[in-house]
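This dialogue is meant for a student who is learning to read a protein structure. Please keep the sequence and the structure in view while reading.

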Amino acid sequence: MNLYELTQEGLELQELLENEELTEELEQRLLISQNEVQSKGCFLAPIILNNEVTIEVIDNQIKRLKELKEKKERLINRTKYFLKNAMVSNGINKIESHLFTLSLRRSESVEVDIVEALPSEFINIKNVVTADKVAIKEAIKRGENITGARIIENFNLQIK
């Protein structure tokens, strides 16, 4: 039986227990179902643990690769900066070769020194609204009724 079937059988047995008397046959079915779930759990636990370790290795590799990527991006930015400054200071607008062409082009950007000193028509105000879940949980636990929020109970599987 797979876990879905075991779960369904467990729910059926639970319903029978609530509605009927505990018979020897029902007790036997309960024991078999519980043993099968325990057996499947013991089989699945190492798979879960193995995948958790694999995810940790993947996360470490992602971190390492991100750091490598950032290092390469800094190298590219520094190299471009020095090359651009060398071209500007020497009055060179274009470098051509048979493989590539480097050229400088003019662009404009706005630099703001003090946002507070700007007239109001040049200021964008962004408001971010989020729920304070810690305060909500504390209030509900104190017995307050918070419209739009409730505490739900979750089950988290731990494997040690």
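Q: What kind of model is shown here?
A: It is a predicted model.

Q: Which residues line the largest pocket?
A: The lining includes K80, L83, K84, M87 and V88. Also among the lining residues are N93, L102, S103, L104, R105, R106 and S107.

Q: Which element gives the most to the lining of the largest pocket?
A: Helix α2 does, with five residues. Both α2 (24–89) and β2 (101–103) supply at least two residues each.

Q: How many residues of each class does the lining have?
A: Five residues of the lining are nonpolar, three are polar and four are charged.

Q: How many salt bridges does a search of the whole structure find?
A: A salt bridge is read from the distance between a side-chain nitrogen of Lys or Arg and a carboxyl oxygen of Asp or Glu, with a cut-off of 4 Å. Searching the whole structure in this way gives two salt bridges.

Q: Where do K69 and E73 lie?
A: Both residues belong to helix α2, where they are four residues apart, about one turn of the helix. K69 and E73 form a salt bridge, and their closest N and O atoms are 3.9 Å apart.

Q: Which residue meets E144 in a salt bridge?
A: The side chain of R142 does, with an N to O distance of 2.9 Å. R142 counts as exposed because its relative accessibility is 57%. E144 is partly exposed, its relative accessible area being 40%.

Q: Which residues make the nonpolar surface patch of about 280 Å²?
A: To join such a patch, a residue needs over 30% relative accessible area. Here the patch is made by V110, V112 and V115.

Q: Where is V115 found?
A: V115 is in the loop between β2 and α3 (133–141). With a relative accessibility of 43%, V115 counts as partly exposed.

Key. Residues numbered from 1 in each chain as written. Predicted model: local features only at pLDDT ≥ 70, side-chain atom pairs only at ≥ 80, totals over all residues. Heavy atoms only, no water. 1 Å grid on protein atoms, 1.4 Å probe; cavity = no way out; pocket = protein on both sides within 12 Å on 5 of 7 lines; lining within 4 Å. Nonpolar A, V, L, I, M, F, W, Y, C, P; charged D, E, K, R; others polar. Buried < 20%, exposed > 50% of the residue type's maximum accessible area, 1.4 Å probe, protein only. Patch = residues over 30% accessible without salt bridge, like charges linked within 9 Å, V, L, I, M, F, W, Y side chains within 5 Å. Areas by Shrake-Rupley, 256 points an atom, 1.4 Å probe, with all protein chains shown as cover.
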